[in-house]
Amino acid sequence: MCGIVGYVGSREAVPVLMNGLKHLEYRGYDSAGIACLNGNRNFFIRKEKGKLSVLQNVLKSIPITSHIGIGHTRWATHGEPSQINAHPHLSHHGDIVVVHNGIIENYSELRQELKRHGYRFHSDTDTEVAAHLIEACYKGDLAQAIQKAVKRIRGFFAFVVMARKEPDRIVAVKRSNPLLVGVGKSENFIASDVSALLPYTDRVIYIDDDELVQIKAGEPPSIFDLKTGRVKKKPVSKIPWNIEQANKGGYPHFMLKEIFEQPEVISRTLKACVNLKKEINFEGLNGRAKTRLKKTRKIFFVSCGTAYHAGLCGRRMVEEYARIPTDAQVSSEFRYGDPVLSSEDVVIFISQSGETADTLAALREAKRKKAFTISIVNVVGSSIARESDAVIYTYAGPEIGVASTKAYVAQLLTLALFSFYLGRLRQQLSGLEVKQLVLEAWHIRAGIDAILDGTKSIKAVAKKLYRKNSFLYLGRGYNFPTALEGALKLKEITYAHAHGYAAGEMKHGPIALIDSSQPVVCLVPESKTYDKMLSNMEEIKARKGIIISIATKGDRLVRKMSQYVFPVPKCREIYSSILTVIPLQLFAYYAAVFNGRDVDQPRNLAKSVTVE
Ligand code: M6R
């Protein structure tokens, strides 16, 4: 959470920082600030509570000439959102300025110690501790001061720092929280994620934990090992995304744009993972990964939020097509649950951002226990991708809307293909069967297109129901995770209460909620459990609940039983969850719009949760 950006070069720093922050705002948006150094070695710091636009308006009237600066957009951890708690933070004597992403666990102890030495604190943040501490360690060399200060700090962080007396450089350091350097011609950038860099460069250096980086204009970035102080040589990588992908492209919100990109995501994924002979291949699965997958006794999927729902689908897919016992867990439970793992197990981490703190910690726990780790990740070069033994990238492209849509669909299709691949590897499926499955996967694109063509009627239903503040979502099999996902989408962007349930559980409690005012979303495409879903719907109908069904196109029975129906094209059951989630994304989107919610930046949320 929190977005960080830094720039040094010949351009005007303020527009570069503000543009970078605009692309990072999805990481946190309760306050924002920048700090620049001018020719007289004076810091100019401006920060404001609220969205970036508040800061932007303030800066309009202040002309600042500077070629070096840092910026931050905040998601509050320590201290409420306020101007004082916004970053950057200035040190006691005004020599050091810091922006920070992460948590300093021993901040209270350090704060007391610094106070005893006369340091005065103005904010409630842990970051101000770092500013004072670095200043206390400063003897004219910023890199050395940071190296010394960080030894005292417990926790997770990415710090980006400037010193008044060294106006030509920015120094940054990281432990756990993401940081990368953008390499330009005679200019350099630093950021917490690639989207801030896309307008300027596609050449990046990923900073690893316990590395310190120094950037200046006109010099290649220098990277040091934090512990030894030794210089490290690191490769420059190319970002596979472009700036157009990170813009709204004429849509009112990123979320809507991303929903409409889903047909393309299907094609991209299939093109990347299926060859002309219709065989499935994952570039990131090397010989070692194949051997481990061939022999594994159990697979675990570990992830958070929407990615956890993908994991639940993945579990069913792998059990059905590869017949390997599989479990799906939420990262925060897995990491603290002392999971029973050995070198015979494979743990697969699913993450759009590749930076989710709990998933990263769970990955480290699995590695500690010698399991083989694979990640399914969207952001190339992210921490989870780099730390796992093997990586399968998803082809969603940059996802900016806080509510995940296209990344989920990319995860589901990747998982389906992965389960067929595993089935073939374990000789549960013949080559011919895989070909048939792949052939059918190519129809998903047209299926999504057809659903998107019906957007108007989904919008009309949202208009009728958007004032309701409690929704139940029910599904079975592959569509139980869709029920969870549909409910999550609705609650995160409309703030209505929405609960997803396995439909078979309805009689064990949720049925008590049903009366004539209760909307119930029923996922009832053709499936093994279709009849069971119909029985559930009868029970809802008998209690006069408002039924909104997601059903196979042309299903008259379901139409008769429901007040509203969102049709989806007929498909094989494993693919149904890829289709059924689309109307639910659109329904949530329009319900949020009618409620006047901030769709792309819902309250209290951030795109990637990089703190525990
Ligand atoms: O980047 P990740 O996939 O690891 O993120 C996991 C969750 O934080 C994320 O899916 C979250 O639940 C979304 N806001 C859901 O729309």
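## A lysine in helix H13

Lys-406 is found in helix H13. The model described here is a predicted one. Lys-406 has a relative accessible area of 2%, which is under 20%, so this lysine counts as buried. Leaving aside residues up to four places away in sequence, Lys-406 touches Glu-258, Glu-261, Gln-262, Val-265, Ala-396, Gly-397, Pro-398 and Glu-399.

## Helix H13 against helix H7

Two packed helices are described by the angle between their axes and the distance between the axes. For helix H7 (residues 262-273) and helix H13 (residues 406-425), the axes come within 9 Å and cross at roughly 35°. The crossing of H7 past H13 is right-handed.

On the H7 side, the contact is made by Gln-262, Val-265, Ile-266, Thr-269, Leu-270 and Cys-273. H13 contributes Lys-406, Val-409, Ala-410, Leu-413, Thr-414 and Leu-417. Sorted by class, the contact of these helices has eight nonpolar, three polar and one charged residues.

In soluble globular proteins, nonpolar side chains tend to be buried together. The largest nonpolar core in this model has 93 residues, and those with the most contacts inside it are Leu-285, Phe-420, Tyr-473 and Phe-587. Helix H20 (residues 573-594) supplies the largest share of this core, 14 residues. At least three residues of the core come from each of domain 2 (248-442) and domain 3 (454-594).

Leu-285 touches Lys-290, Leu-293, Ile-374, Ala-390, Ile-392, Phe-418 and Tyr-421, not counting residues up to four places away in sequence.

## Backbone geometry in the loops

Most residues other than glycine have a negative phi, and most peptide bonds are trans. Which residues are joined by a cis peptide bond? The bond joins His-87 and Pro-88, with omega about 0°. Pro-88 is found in the loop between strand E4 (68-74) and strand E5 (89-90).

Asp-338 is not a glycine, yet has a positive phi of about 45°. Asp-338 is found in the loop between helix H10 (331-336) and strand E18 (345-351), and counts as exposed at 57% relative accessibility. Lys-544, likewise not a glycine, has a positive phi of about 70°. Lys-544 lies in the loop between helix H18 (530-542) and strand E24 (546-552), and is exposed, with a relative accessible area of 58%.

How values were computed. Residues numbered from 1 in each chain as written. Predicted model: local features only at pLDDT ≥ 70, side-chain atom pairs only at ≥ 80, totals over all residues. Heavy atoms only, no water. Core = buried A, V, L, I, M, F, W, Y, C linked by side-chain atoms within 4.5 Å. Buried < 20%, exposed > 50% of the residue type's maximum accessible area, 1.4 Å probe, protein only. Helix = DSSP H or I, 4+ residues; strand = E, 2+ residues; numbered from the N terminus. Domains from an automatic or database assignment. Contact = heavy atoms within 4.5 Å. Axes fitted to C-alpha atoms, helices over the stretch in contact; angles between N-to-C directions. Left-handed = near helix turned anticlockwise from the far one by under 90°. Nonpolar A, V, L, I, M, F, W, Y, C, P; charged D, E, K, R; others polar.
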